[in-house]
Amino acid sequence: MKQETQGKEFWFIVGLFIVLLLAPFALKRFYIYLLGLIFVNGLFAMSLNLVLGYGGIFQFHHAVFYGVGAYGTALMITKLGQPAWLAFIVGPLLAAFVSLVMGVICIRLSKLYFGMLQISLGSLVWVVVYRWYDFTGGDNGIHGVTLPSLIASTKGAYYFTFLVTAASLLVMYLIVQSPFGRALQGIRDNPVRSEAVGMHVRLQQLVALVIAGFFAGVAGTLFVVIDNSAFPDMLFWTLSLEIVIMCLVGGWFTFFGPMLGGAIMVALRTFASTYTEYWTLIQGIIFMLVIIFLPEGVLGYILRKLKPHKEVTAKGEY
Amino acid sequence: MLRVEGITKSFGGFMAVNGANLEVKQGEIVAVIGPNGAGKTTLFNLITGILRPDDGKVFFKDEKITGLPAYRICRKGMSRSFQVVNIFQRLTVFENAQLSILSRQGKTFNLFSPSKRLAVDETLKILESVGLVNKRGHISGSLSHGDQKVLEIAIALGGSPELLILDEPTAGMSPEETTRCIDLIQHLSKKLGLTILFCEHDMELVFAIAQRIMVMVRGQSIIQGLPQEVRSNKEVQDAYLGENENGTC
């Protein structure tokens, strides 16, 4: 029974992969861009969910690392004149480094206090980016980042984004299933117990924060690839909230939930904002409805419907 | 194996533990008893590093461990269960026990090997010994209270301890579950040769399995000795047994 459902899941993913691989041949340019945007936001939300859903860490200002990744990449290319491929590696690493520094400062606090301090520190980073006209372009941001010709076209950027996102998801999936991922979930459920079985809780969480920061940086870099730009809003705290909403809407105790949440929110934002200026109002209403009617998120709900007796069927496991 | 000397801890102005002494020898089953609020759980928290003592010393295998963080003390071979159920609610029974083993093996920073293939035999062996093997696929939060308390012990065993500390192992259990738990503790002591330190309100349980008993009253240890010595001690009768013959259970 279990084997069968797992097989189905596997073939669903393979099918989706093929469809997305062929999608650019059937879609208009705008929709290709939109799909790319969904990958970027989805990956971004999933990186947050590593620490939020799996780690139980209230990372309220995750956008900082997304922005740092994007700015790192964009500045490497425009201001420092480095090759783009190098910039693509430096961007995420820079995000991971910033995550490490902020993590070391914040990790002593727990739950809400962690989140508050994190928002404050993140806002400092935002101010620097927003005000430092000479280097970061201030509120104008950076536009027209030149990319290697291979990925400069819409299709090229799409494939690059798609493949990097897929690879990142695979790595994140392995991490979640690894002893490290298990330990992280254990700490989420019960930090006191985790320490009592010999885990260094803070160190474990810090490593998780760095990994999440790195993948947020990857998402930021990919945004530069599809949009050729970076701007200060990418590390403003309201974006962090939107990402949290994506996680909750998709289902923060599921692996792919945040990606689905990202797809839903990006698609809705794009279509709703052609009709109304008050898109955030719609976003708020959707968020409330999901919290009330689908507390496990959309994917959480679907999975529960598909496997109603998880506890029972899981009996024969191992 | 374990020696506690004059340990003290106050919360605000309240002396929760006030100069308590305790000794546990290799292979023994030692019980700590005392009225509610005597400081038993605080004493265990001080020994296992969850709390830092204000004063006093703790020695484990002749090594001073006073004030070390809990995870370091655990790695030295001391595992514990908690009075209030303290398990990984969203993980399965199997994963609960397995995580403890992975933690002992120092694998919690292993990022890429799939954990479902690691330490499987050992996990199953532990679940077998505590009688939870048939429920290994259940989400632990959905278990009955008694089973969750037993899972507590399984998690503690995952640390492959030399000294097992149980904080009220049978609290909230039904009579049948209590009987099973007594069998389990005796099994662990006899078959696996574990040294066991526990505290308990259930006097029947204490006198049934403890080889030596320490009595705590208002944060102080007033006697440690064989069960019959404790039973006949005047001070103990006044402070504890006299006012409440059968304990609270």
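**The helix crossing and its surroundings**

H9(A) passes H3(B) in a left-handed crossing, where left-handed means that the near helix is turned anticlockwise from the far one by less than a right angle. This is a predicted model, in which local features need pLDDT of at least 70 and side-chain atom pairs count only at pLDDT 80 or more, while totals for chains, interfaces and linings use all residues. Residues are numbered from 1 along each chain as its sequence is written, and chains are lettered from A and ligands numbered from 1 in the order in which they are written.

The axes of H9(A) and of H3(B), residues 93–104, come within 10 Å and cross at roughly 115° (axes are lines fitted to C-alpha atoms, for helices over the stretch in contact, with angles from 0 to 180 degrees between N-to-C directions). The two helices are therefore roughly perpendicular, a term that covers 65 to 115 degrees. H9(A) contributes Pro179(A), Arg182(A), Ala183(A) and Gly186(A), and H3(B) contributes Glu95(B), Leu99(B), Leu102(B) and Ser103(B), contact requiring C-beta atoms, placed from the backbone, within 7 Å.

Turning to the whole contact between the chains, 27 residues come from chain A and 40 residues from chain B; on the side of chain A, H9(A) gives the largest share, 7 residues.

Finally, chain B holds an open sheet of 4 strands in the order E2-E1-E4-E5, with antiparallel pairing, where strands pair if DSSP finds at least two bridges between them. Its edge strands are E2 (14–24) and E5 (63–64) of chain B.

Methods:
Two residues are in contact if their C-beta atoms, placed from the backbone, lie within 7 Å. Angles under 35 degrees count as roughly parallel, over 145 as roughly antiparallel, 65 to 115 as roughly perpendicular and the rest as oblique.
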